[in-house]
Amino acid sequence: MFLFTVTKPGLRQAGALALCAVCLAGTVTAAVHLAGQSVTASATVETTIDTTQDIATYFTGYGFEIDLSTAAVDKVKIPKKWDDSFSAFNQVVGESGLSLADYKGKTVEKWTALCPTLSDGENDTYCVLLVYKTKPVGSYLLAKPSGEVTGLLSAAAPETAESASDSVSETAAETEALIDESLYPTE
């Protein structure tokens with residue numbers, strides 16, 4: 001709150017006008033300064049997976065539509081010790097911004113659902129989501145029967161998918177064995 005003790009009305013008005021001009025100049029200066037900078041928005045959203053609809057929403061965010069009637073869940077254990085092929089698998093999972101490194105030795109839910117747009121009559125592509133206590137910890141695409149694993153971003157961007165699939169195709173047989181043997185199903 002401002003208090004003016006000036007007795008002449010003209011000086012009071014001039015002082016109020018000067019104060020308003022200073023405030024306006026400060027506002028304009030701040031607006032010009034901030035207009036040149038972009039404000040970064042955090043794209044990280046804490047998602048929880050409770051239902052199959054949550055899984056559909058998750059993959060829709062990457063541009064994949066899934067068939068919920070084919071959704072299946074298994075419990076698998078992430079190995080404590082990783083070999084080179086599992087480290088390569090974790091790099092593919094890393095394309096979705098997730099990592100399995102913090103979940104070594106933990107049992108996770110492995111949700112799979114058919115992706116009809118990427119499937120044809122001979123080869124089916126499944127969207128796979130690994131969930132630990134309602135938190136997504138890994139996601140990738142799995143082609144069956146070849147066992148080829150593809151990252152979500154590689155599959156979403158066809159121009160980069162070719163280079164990524166070349167490196168993944170080299171270890172397709174290892175990856176298929178990795179998924180079947182390294183992620184030990186628990187009953």
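Hi everyone. A residue here is called buried when its relative accessible area is under 20%, exposed when that value is over 50%, and partly exposed in between, using a 1.4 Å probe on protein chains only. Helices (H or I, at least four residues) and strands (E, at least two) are DSSP runs, numbered from the N terminus.

This is a predicted model, where local features need pLDDT of at least 70, side-chain atom pairs count only at pLDDT 80 or more, and totals for chains, interfaces and linings use all residues. Residues are numbered from 1 along each chain as its sequence is written, and side-chain values use heavy atoms, with hydrogens and water left out.

First, the overall layout. The protein chain has six helices and six strands, and from the N terminus they run α-α-β-α-β-β-β-β-α-α-α-β. Of its 187 residues, 33% are buried.

How far can we trust it? pLDDT is the predictor's confidence in each residue, from 0 to 100. The chain has a mean pLDDT of 74, with 59% of residues at 70 or more. Strand 2 has the highest confidence, at 92, and helix 5 (residues 158-170) the lowest, at a mean of 44. Residues 38-45 are below 50, and beyond near neighbours in sequence this stretch has zero contacts in the model, a contact being heavy atoms within 4.5 Å. Where pLDDT is low, the predicted coordinates should not be read in detail.

Which of its residues are buried? They are Ser85, Phe86, Phe89, Asn90, Val92 and Val93. Looking down the axis of helix 3, these buried residues fall within an arc of 155°, so they line one face; the arc is taken from the directions from the helix axis to the C-beta atoms. On the face turned away from that buried side you will find the exposed residues Asp84 and Gln91.

Have a look at Asn90, which lies in helix 3 (residues 84-94). Asn90 has a relative accessible area of 13%, so it counts as buried. Its side chain reaches the backbone nitrogen of Leu100 at 2.9 Å. Leaving out residues up to four places away in sequence, Asn90 touches Trp82, Ser99, Leu100 and Ala101.

Next, the rings. Rings of Phe, Tyr and Trp (its six-membered ring) pair if their centres lie within 6.5 Å; planes under 30 degrees apart are stacked, over 60 edge-to-face, and the rest tilted. The whole structure holds six aromatic pairs. One of them is Phe86 with Phe89, a tilted pair at 5.4 Å centre to centre and 55° between the planes. The two sit three residues apart in helix 3, so about one helical turn separates them. Phe86 has 1% relative accessibility and Phe89 has 2%. Tyr103 and Tyr132 have ring centres 5.3 Å apart and planes at 55°, so this pair is tilted. That pair links distant parts of the chain, with Tyr103 in the loop between helix 3 and strand 2 (107-114) and Tyr132 in strand 3 (residues 124-132), 29 residues apart. Both tyrosines are buried. Trp82, Phe86, Phe89 and Tyr140 form one aromatic cluster.

Last, charges over rings. The rule is that NZ of Lys or CZ of Arg is within 6 Å of the ring centre and within 35 degrees of the ring normal. Lys104 lies over the face of Trp82, 4.6 Å from the ring centre, and the charged end of Lys144 sits over the ring of Tyr126, 5.0 Å from its centre.

Technical notes. A polar contact is a pair of N or O atoms within 3.5 Å; within protein, one must be able to donate a hydrogen and the other to accept it, and residues adjacent in sequence count only if both atoms are side-chain atoms.
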